[in-house]
Amino acid sequence: MNRRNFIGNLALGGGLLGVSPFGSSAYAVPVTKRKVLVGTDSLSADLVVAGGGLGGCAAAFAALRNGLTVILTEETDWVGGQITQQGVPPDEHQWIETHGAPQLYRDFRTAVREYYKKFYPLTADAKAQEFLNPGNGSVSRLCHEPRVALAVLHDMMAPYLSNRQLVLLLEHKAVGAEVNDKKVKALHVKSLRFEKIYALEAPYFVDATELGDLLPMTGTAYVTGAESKAQTNELHAADTADPTNNQAFTMCFAMDYVPGEDHVIPKPREYDFWRNHTPPLSPPWSGKILELNYSNPRDLKPKALGFHPEGLPTGDSLNLWLYRRLIHKANFVEGHYPGDITIVNWPQNDYMLGNIVDVDDETFHHHVERGKQLSLSLLYWLQTEAPRPDGGQGWPGLRLRGDVMGTEDGLAKYPYVREARRIKALFTVLEEHVGAENRKMVMTGDGPVKAPDFYDSVGVGYYHIDLHPSSGGDNYIDFGSLPFQIPLGSLIPQETENLLPANKNIGTTHITNGCYRLHPVEWSIGEAVGMLGAYCLETGQRPIAVRENREKLVDFQRFIRSQGIETHWP
């Protein structure tokens, strides 16, 4: 296949995925005969994807462009996961503009920029930037509004929704499954609006939920929390395993700043608690949670932070306003925005007092509600008590922007989840594979320290290993990693034959999840999984057989590379 012709057919401006890009390629999978069949209480398709985050969307797009029919479910009313409903601009590596992610992910990013250039009143200078960063946030080369990502994803889905190749079930939550002889026969999903339950049937199922919800429902073996050194021999693993010890989640929110106006919210009911709260961590946190300091992730020493909502310098300290800024008003014609818009996903609103992984609904909602109280308390503190450079306290012009998040309470639709249930996979990625220091300890010879070349690689990614403070009382665990590959073995459960993971639920450990959980890696995982489903349906091979049969594996790797997926770093 001519890769440039393939990419050209995927050009977002020309109706992404609306035209088959394959022609007569040897690796093209022909359109299947199976249609989305609708029964009184059931639907069936080639592939059922539970969870509409980036991994779920990518799995659906990969299957759709290969002629499969797909049912995609999503618990909220927004697809996009961490980049939309959770309000987190993309965390990416420094090479993202040219390589290190699937072509489709980079096309998505291009479409986000084109959306701003087409519909927003950008300045001439901003519009001329090839790599426009609408918010000029320091955390990402593409800090942008959740709604723009949502609009682009909807555009990508539109041709398939129109011809019924894709059925999108928003506000539907998985509640159960039918399993027979280690094969999932049906997934039961409940409409959160109308209470109706549907049985979704397919040859293959994808668990792209944020917490790995399908694993216990289907009897798929999984692990949670932190492994011990005795279990994994990882340099930074805990001395004692704790399945309940997971990274903090965060209830993100958006705010802007309108000088001279008063937008102070009512005092949150838990404000007094959070105002006086010191996180119970070891090593200790730097002070109270609602202060402009935190534990430096690399050495855990106290580190000062700055805050100025007009973007002015804050000395040697990071100005948190700039960290995840979504809209920089200087990029737009004068007067269009009264102030910048930023996302608050900071150390000060990481919720550490409870675990939401592998718990019942009551426990989940209890901690999420307290997480919301923490975030609202942080906003109220910024509005009323945060120190100002002029010696005063509080910035009353800070305005909660629920419209940016698509919610009435002003907070994200769903918690920003950093850790989930993880399958017991055919292969588990360990720190010795991706951690720079641990890798150096196990390598032989004098060559450069690099991650291993996995013979079954189906994608690549990079991010440092970044574990936020945990529900078990760990402070940051943050250290260098290496550009890595995504081994196919980490995407295949040990026993369940037709269920594949496509989020933070792959075969990693508590430690290595810290670099496999970011936006482009999740997309890469999803796209590989969607193509694996297509390949298995076409060839009649089971996922485990594709990995075990070297001839089939090489053929599958050719197949995914022909569609813009990188399997090795240059």
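Predicted model: local features only at pLDDT ≥ 70, side-chain atom pairs only at ≥ 80, totals over all residues.
Student: Why is G394 called buried?

Tutor: The cut-off for buried is under 20% relative accessible area. G394 has 1% relative accessibility, so G394 counts as buried.

Student: Where does G394 lie, and which residues does G394 touch?

Tutor: G394 is in the loop between α10 (361–384) and β18 (398–400). Leaving out residues up to four places away in sequence, G394 touches L382, Q383, T384, E385, A386 and R388.

Student: How far apart are G394 and V357 in sequence and in space?

Tutor: The two are 37 residues apart in sequence, and their C-alpha atoms are 36 Å apart in space.

Student: Is the crossing of α2 and α5 left-handed or right-handed?

Tutor: The crossing of α2 and α5 is left-handed. These helices pack at an angle of about 35°, with axes 11 Å apart. On the α2 side the contact is made by C57, F61, L64 and R65, and on the α5 side by L153, M156, M157 and Y160.

Student: What makes a set of residues the largest nonpolar core here, and which of them have the most contacts inside it?

Tutor: Membership takes buried nonpolar residues joined through side-chain atoms within 4.5 Å. The largest such core has 93 residues, and F108, Y116, Y516, W523 and F556 have the most contacts inside it. Helix α15 (residues 519–539) gives the most to this core, with ten residues. Another core lies apart from it and has 42 residues, including L281, Y351, A386 and W395.

Student: Which residues does Y116 touch?

Tutor: Y116 touches L122, L132, P134, H144, E145, V148, I327 and F332, with residues up to four places away in sequence not counted.

Student: How do you know that β20 and β23 pair?

Tutor: Pairing needs at least two bridges. β20 (residues 457–461) and β23 (residues 484–487) have three bridges, in the antiparallel sense. As for burial, five of the five residues of β20 are buried.

Student: What makes β15 and β18 edge strands?

Tutor: The open sheet has four strands in the order β15-β16-β12-β18, with antiparallel pairing. β15 (325–327) and β18 each have a single partner strand, so one side of each is left without a neighbour in the sheet. On average, neighbouring strands in this sheet are turned by 35° against each other, direction ignored.

Student: How do you know that β15 and β16 pair?

Tutor: At least two bridges are required, and β15 and β16 (residues 341–344) have two, in the antiparallel sense. R325 stands opposite T342 in β16.

Student: Which strands are at the edges of the five-stranded sheet?

Tutor: The order of this open sheet is β5-β4-β3-β9-β24, with parallel pairing. Its edge strands are β5 (166–170) and β24 (499–501), each of which pairs on one side only. Neighbouring strands are turned by 15° on average, direction ignored. Helix α2 (residues 54–65) packs on the sheet and touches β3 (47–50), β4 (70–74), β5 and β9; the direction of α2 makes about 170° with that of β4.

Student: How many bridges join β9 to β24?

Tutor: Three bridges join β9 (residues 204–207) to β24, and these strands run parallel. V206 has L500 in β24 as its bridge partner.

Student: Which strands pair with β8, and in which sense?

Tutor: β2 (residues 42–44) and β8 (residues 197–201) run parallel and are joined by three bridges. β7 (residues 183–191) runs antiparallel to β8, with five bridges. S42 is partnered by A199 in β8, and V189 stands opposite Y198 in β8. In the hairpin of β7 and β8, five residues lie between the strands, and E195 takes a positive phi near 70°.

Technical notes:
Residues numbered from 1 in each chain as written. Heavy atoms only, no water. Buried < 20%, exposed > 50% of the residue type's maximum accessible area, 1.4 Å probe, protein only. Contact = heavy atoms within 4.5 Å. Axes fitted to C-alpha atoms, helices over the stretch in contact; angles between N-to-C directions. Left-handed = near helix turned anticlockwise from the far one by under 90°.
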